[in-house]
Amino acid sequence: MWPRKNAASPDRELGVDHLMEDVGRRSRRGGAILLSAQGVRVLGQMGTLVVLARLLPPTAFGLLAMVAAIGAILDLVKEFGLSAATIQKQDITQAQVSALFWINAGVGLVLGLGLFLSAPLLARFYEQPELADVARCMSLGFVASGLTVQHWALLRRQMRFSTIAGLETVGDLVSFAAGIGLAVAGAGYWALVVQRLCAPLLLLAGSWLFCRWRPAAPRPTEGVRGLLSYGASVTGSQLAVAFARSIDQILIGWLWGPAVLGLYERTTRLLMMPVNTINAPIYAAAMPGLSRLLEQPARYRTFFAQVIQKLGLLTMPPFALAAVTADWVVEILFGPSWAQAVPLVALFSLYAVFLPVLQASGLLYLTQARTTEMLRANLIDAAITVAAILAGLYWGVTGVALALTGIGLVVRLPLAFWLSTRHGPVGIGVLWRAVAPPASAAIAVVLSVSLLRRVEPDPTLTALASTAAVALTATLLALLAWPETRREIQTLLSTGKIPRPSASG
């Protein structure tokens, strides 16, 4: 993980030929490293979330969420899909990456300045005067992130997963410590602002330290237009997704103020945080590996099926368990003052059961350079999501959560699988077969734990231990019913190793 002493040549930083022979092993090893680091980060994030929820009122979280909801959309504009272009293109040049760097840096600066100047308008929109200063401070994050995009993309292109994991973990731990320390000192919502700014500033410093690539002076460069076209399609797709994810918080904050938004935002963050922290390393490890295997359809198909199945195994049974123990989750993590969040936790846990595999289908578009199709699919998905949010608003925040969960499972997931497999080496049957074992395990967990809770209604130590044992047993029994996962469990028990994907599948 330590930085190299001398600046490397551009060819060394950009070339990927040396990765081709063992791309599968690198991706698996990278996924394991990133998932391990994400485990540490998730524990830190969960701990920080719990501590801050007990130190700060929902209003503090609501104020920050008002800026963060808009910031999530602007953050994608700053990147402009150009990190994906750098990772995906096989023969990218020094001049091209330099041009992309200056574009990202310029866009980040413009967005930061725009947020700084529009801070008073944002405060008037929400009728919260405190938001003006919060927005001005948050604008610094866009400037820092714009200078980080290409260095971070090059670390991922070179599959330097240990470095990525180390930088992300350090950035998170420092931001957690800063947020908790300031909250204890009585800084109020400013503790959350500082926490948000620590990570991008540390990642800026770390990415420049560990990636020794340096941009050339800006000048017109051949081939950049194609990369910008790729990036524009990716950005359009991501903007549609970000808008669909943020519009609920924007409307809730506008309609009902920071207290209700804080309750909603903390609940969604509790459930979406594990989803994002699991999906991020999956994307980081799988995207370069799949991009290199595109000319080998059988290996590509098998590799992707393994990725999506393992993702389902990591997320579906645990979130199903959270859904049927939502009241325990809120009582243990947040305390009795957050009791109103119980139905939200239950509904968003069900939402999180299928959301990771839905999002992972986007890898098919990115690694096959089907960005126009991805834009169209994400626009359709965003329209469905926004319609669900608007339909649920009449019944308050619980109605929004119910609409998102129901429409997501019945409409969005099947549609995403169908659209993403219309072209390319992966058919829709591959996806459904891959998610069937983890989905059956999730159903088994819901049924078995629901029965247990009839005799164990309260979260005593005995009840918690019994619930964990029943959920684990139900998961294993469900997986043993499927030949593929049964073979993997038998191999794991006999050798201690998870079977590698076959190149012939």
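Setting aside neighbours within four places in sequence, Tyr126 is in contact with Met66, Ile70, Leu131, Ile250, Gly253 and Trp254, where contact means heavy atoms within 4.5 Å. Tyr126 belongs to helix α6 (residues 119-126); helices (H or I, at least four residues) and strands (E, at least two) are DSSP runs numbered from the N terminus. With a relative accessible area of 4%, Tyr126 is buried; buried means under 20% relative accessible area, exposed over 50%, and partly exposed in between, with a 1.4 Å probe and protein chains only.

The model is predicted: local features need pLDDT of at least 70 and side-chain atom pairs count only at pLDDT 80 or more, while totals for chains, interfaces and linings use all residues. Residues are numbered from 1 along each chain as its sequence is written, and side-chain values use heavy atoms, with hydrogens and water left out.

Not counting residues up to four places away in sequence, Val193 touches Leu64, Val134, Cys137 and Met138. Val193 and Phe61 are 132 residues apart along the chain, and their C-alpha atoms are separated by 9.9 Å.

Helix α10 (residues 190-210) also meets helix α8 (residues 149-157): their axes come within 9 Å and cross at roughly 55°. Axes are lines fitted to C-alpha atoms, for helices over the stretch in contact, and angles run from 0 to 180 degrees between N-to-C directions. The angle makes α8 oblique to α10, since angles under 35 degrees count as roughly parallel, over 145 as roughly antiparallel, 65 to 115 as roughly perpendicular and the rest as oblique. His151, Trp152 and Leu155 of α8 form the contact with Leu203, Ser207, Trp208 and Phe210 of α10. This contact of α8 with α10 comprises 5 nonpolar, 2 polar and no charged residues; Ala, Val, Leu, Ile, Met, Phe, Trp, Tyr, Cys and Pro count as nonpolar, Asp, Glu, Lys and Arg as charged, and the others, Gly among them, as polar.

A further helix pair is formed by α12 (residues 297-324) and α14 (residues 342-360), which pack at an angle of about 175° with their axes 8 Å apart. Helices α12 and α14 are therefore roughly antiparallel to each other. From α12, the contact includes Phe304, Ile308, Leu311 and Phe319, and from α14 it includes Leu350, Val353, Pro356 and Val357. The residues in the contact of α12 with α14 divide into 15 nonpolar, 3 polar and no charged.

What does a search of the whole structure find in the way of disulfides? The search finds 0 disulfides, a disulfide being a pair of cysteine sulfur atoms within 2.5 Å. Cys137, touched by Val193, is partly exposed, with a relative accessible area of 31%, whereas Cys211 is buried at 0%.

For the protein as a whole, the secondary structure comes to 20 helices and 0 strands. Of its 505 residues, 55% are buried. Among contacts between residues at least 6 apart in sequence, 83% join residues at least 24 apart.
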